[in-house]
Amino acid sequence: RLVSMTDMLNKALEGKYAVGQFNINNLEWTQSVLEAAEAEKSPVILGVSEGAGKYMGGVKVVSAMVEALMETMNITVPVALHLDHGSSFESCKAAIDAGFSSVMIDNSAYVIDENIEATKKVVEYAHSKGASVEAEVGTVGGTEDGVTGGVQYADAQECLRMVTEAKIDALAAALGSVHGDYEGEPVLGFDEMKIISDLTKTPLVLHGGSGIPEFQIKKAIENGHSKINVNTELQQVWTKAVREKLNSDDKVYDPRKVIAPGKAAIIATVTQTMQRFGSSNKA
Ligand code: G3H
Ligand code: ZN
């Protein structure tokens with residue numbers, strides 16, 4: 001029942017909207033994102049970082065949980081289960097073998113020739129199993145899962161090589177976005193975005209989607225972004241809501257009651273984000 005990202009992203013590129021990748025951390029997180037997607041009639045990508053995958057008990061547990069939830073929740077919208085920032089062929093293969101319908105291979109730390117070579121190998125395996133592949137050119141800055149790095153803009157010719165040689169389905173071309181919180185207003189390379197989008201004709205992926213003002217999101221979509229990743233913002237709204245619950249109610253001890261406001265916060269944020277990205281009613 002899971003689908004790859006290919007169709008949903010090509011449609012989004014055509015229709016000038018973006019599909020959100022919402023990173024999940026546990027059962028309730030997954031329920032909340034799926035519930036919002038179904039209510040919004042929006043395609044959705046469930047992002048799972050290697051760290052979050054390990055936290056949930058491994059990719060097999062994640063895949064079984066998502067499949068079962070989709071069945072019991074009667075989810076009818078297109079859902080892709082995507083490994084976020086896969087660090088190796090082995091890690092991508094394990095996710096695909098477990099049932100993930102999409103992977104990102106992040107070789108952005110390597111020089112471009114090595115990045116393309118390693119990505120090719122992942123694409124061959126993924127495509128043979130019907131899964132889609134996202135690769136990164138340049139480097140997204142900031143901190144994710146405790147790993148911090150600086151921004152390195154993607155080179156347009158390298159992006160073109162990645163798309164034509166490795167035959168990827170989606171391209172994360174780093175153009176100034178960062179993981180985690182932005183210091184001040186984000187400074188994104190919109191001109192470079194347009195050039196890379198026109199050149200590669202491939203759905204672009206915006207990492208570091210939390211904390212980007214709405215007008216910049218709109219501009220990024222206009223300039224070729226079809227997938228926007230949101231992780232930090234969901235963690236922040238969840239924690240804020242749970243903290244408020246604990247601060248305002250010192251009698252509560254049932255974990256389901258402690259977590260309930262966190263779920264509601266995720267549903268509200270994902271719903272609003274889908275509306276902003278324009279993916280509502282596009283399923
Ligand atoms: O891969 C995940 C996203 O790029 C996370 O971005 O930290 O801005 O939510 P974020
Ligand atoms: Zn990312």
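On a 1 Å grid over the protein atoms alone, a pocket is an open set of points where a 1.4 Å probe fits, with protein on both sides within 12 Å along at least five of seven lines, and a molecule sits in it if more than half of its atoms lie within 2 Å of its grid points. Select ligand 1 to start, which sits in the second largest pocket. This is a predicted model, in which local features need pLDDT of at least 70. Residues are numbered from 1 along each chain as its sequence is written.

Next, select the 14 residues that surround ligand 1 (a heavy atom within 4 Å), the closest being Asp-84, Gly-208, Ser-210, Asn-231 and Thr-232. By class, two of this shell are nonpolar, ten polar, with Gly counted here, and two charged.

Then display the polar contacts (N or O atoms within 3.5 Å): a polar side-chain atom of His-179 lies 3.0 Å from an oxygen atom of ligand 1, while a polar backbone atom of Gly-180 is 2.9 Å from an oxygen atom of the ligand.

Finally, colour by pLDDT, the predictor's confidence in each residue from 0 to 100: the protein has a mean of 96, with the lowest confidence in strand E7 (residues 147-149), at a mean of 71, and the highest in strand E1 (residues 19-23), at 99; strands are DSSP runs of at least two residues.

Conventions
Chains are lettered from A and ligands numbered from 1 in the order in which they are written. This is a predicted model: local features need pLDDT of at least 70, side-chain atom pairs count only at pLDDT 80 or more; totals for chains, interfaces and linings use all residues. Side-chain values use heavy atoms; hydrogens and water are left out. A polar contact is a pair of N or O atoms within 3.5 Å; within protein, one must be able to donate a hydrogen and the other to accept it, and residues adjacent in sequence count only if both atoms are side-chain atoms. On a 1 Å grid over the protein atoms alone, a cavity is a set of points where a 1.4 Å probe fits but cannot get out, and a pocket is an open set with protein on both sides within 12 Å along at least five of seven lines; lining residues have an atom within 4 Å of a point. Helices (H or I, at least four residues) and strands (E, at least two) are DSSP runs, numbered from the N terminus.
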